[in-house]
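The entries follow in the order in which I made them.

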Amino acid sequence: MNEIPILVDDNDVLIVNKPSGIAMHDSANIADTANTENAKSTGAGKNIRTGESADSGSLRNIDSNIDTHTLGIVSLLRKQTGYSQLHLCHRLDTGTSGCLCLAKNAQTAALIGDSFATRQVSKYYLAISADKPKKKQGTIVGDMKNRRGGQFMLLKSKDNPAVTQFFSQSAKPGYRGFIVKPLTGKTHQIRVALKSVGAAILGDTLYSGAPSDILHLHAGWLSIPLPSRTISVKAPILEGDLFTDSEVATWLAELPEPDTFTWPEIAPSLLQLVSKA
């Protein structure tokens with residue numbers, strides 16, 4: 001497969017633009033329910049934010065002897081970079097593309113882990129749906145229950161809730177674009193949240209999304225505070241039939257930065273629940 005694009009590579013962290021279809025751990029690519037059937041190898045593509053072509057020189061082939069159906073992102077990056085110590089700081093579903101942070105030492109991993117746990121990390125996602133949501137924007141709150149077949153469902157209870165905020169706009173006729181801000185980090189959280197408002201993500205066959213080449217969910221922005229600095233990155237979109245559609249590209253090019261949106265205030269009582277999640 002092609003090399004995984006690297007966004008940040010310094011003494012402490014490695015942040016990459018994870019392609020859709022790569023799991024977190026070895027041997028998970030085959031069994032993972034997060035749209036492996038839609039996964040495809042990523043290559044040089046169009047930068048949906050700038051309209052520029054990806055640098056083919058930055059997408060050199062990884063050793064062709066690697067079985068990309070069984071190796072997870074950590075093993076692939078160790079092979080690609082030669083770094084023996086890489087620690088996952090958070091996770092993305094197999095089908096989700098975009099910003100993924102790995103620490104190069106245990107101390108940094110612990111620091112970033114604390115930042116995630118205390119909600120200091122800022123992260124925003126992009127999604128496309130072929131369905132019209134029940135509401136154009138809002139906050140989705142509820143406990144999540146594991147169901148058979150790898151699915152989760154959103155409950156009305158709020159004992160240990162997932163909290164997801166979103167804005168939606170027309171991305172092109174017949175398709176809705178979403179800017180999503182998850183305040184918690186539950187498995188399948190965004191996918192279940194958008195399904196709950198009637199707008200399953202395009203390509204998300206697990207949650208009855210309209211068929212497409214890949215899951216159209218992308219971790220586009222990530223900002224992580226460290227004692228010495230704050231690392232902020234954007235991950236360009238390089239794949240996805242609708243993500244790279246010319247009309248959707250125009251919508252994305254005109255989209256304001258997500259931290260400039262007027263995100264809804266969170267009630268203190270809900271913040272207390274989130275702090276315990």
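Two strands are taken as paired if DSSP finds at least two bridges between them. I note at the outset that the model is predicted.

Entry 1: strand β4 and its partners.
I first looked up β2, residues 13-18, and found that six bridges join this strand to β4 in an antiparallel arrangement. Within this pair, I located Val13 opposite Ala103 of β4.
I then turned to β3, residues 87-88, which is joined to β4 by two bridges, again running antiparallel. Here His87 is the residue that stands opposite Ala103 in β4.
Which way do β4 and β11 run? I found them parallel, with two bridges between them. I recorded Gly98 with Ala219 of β11 as its bridge partner.
I also checked the cover of β4, which spans residues 97-103, and found seven of its seven residues buried.

Entry 2: residue Asp213.
I next located Asp213 in the loop that links α4 (189-196) to β11 (217-225).
Is Asp213 buried or exposed? I recorded a relative accessibility of 17% for Asp213. Buried means under 20%, so Asp213 counts as buried.
I then searched for polar partners of the Asp213 side chain. The side chain of Ser212 makes a polar contact of 3.1 Å with that of Asp213. I also found a polar atom of the Asp213 side chain 3.1 Å from the backbone nitrogen of Asp241.

Notes: Residues are numbered from 1 along each chain as its sequence is written. This is a predicted model: local features need pLDDT of at least 70, side-chain atom pairs count only at pLDDT 80 or more; totals for chains, interfaces and linings use all residues. Side-chain values use heavy atoms; hydrogens and water are left out. Helices (H or I, at least four residues) and strands (E, at least two) are DSSP runs, numbered from the N terminus. Buried means under 20% relative accessible area, exposed over 50%, partly exposed in between (1.4 Å probe, protein chains only). A polar contact is a pair of N or O atoms within 3.5 Å; within protein, one must be able to donate a hydrogen and the other to accept it, and residues adjacent in sequence count only if both atoms are side-chain atoms.
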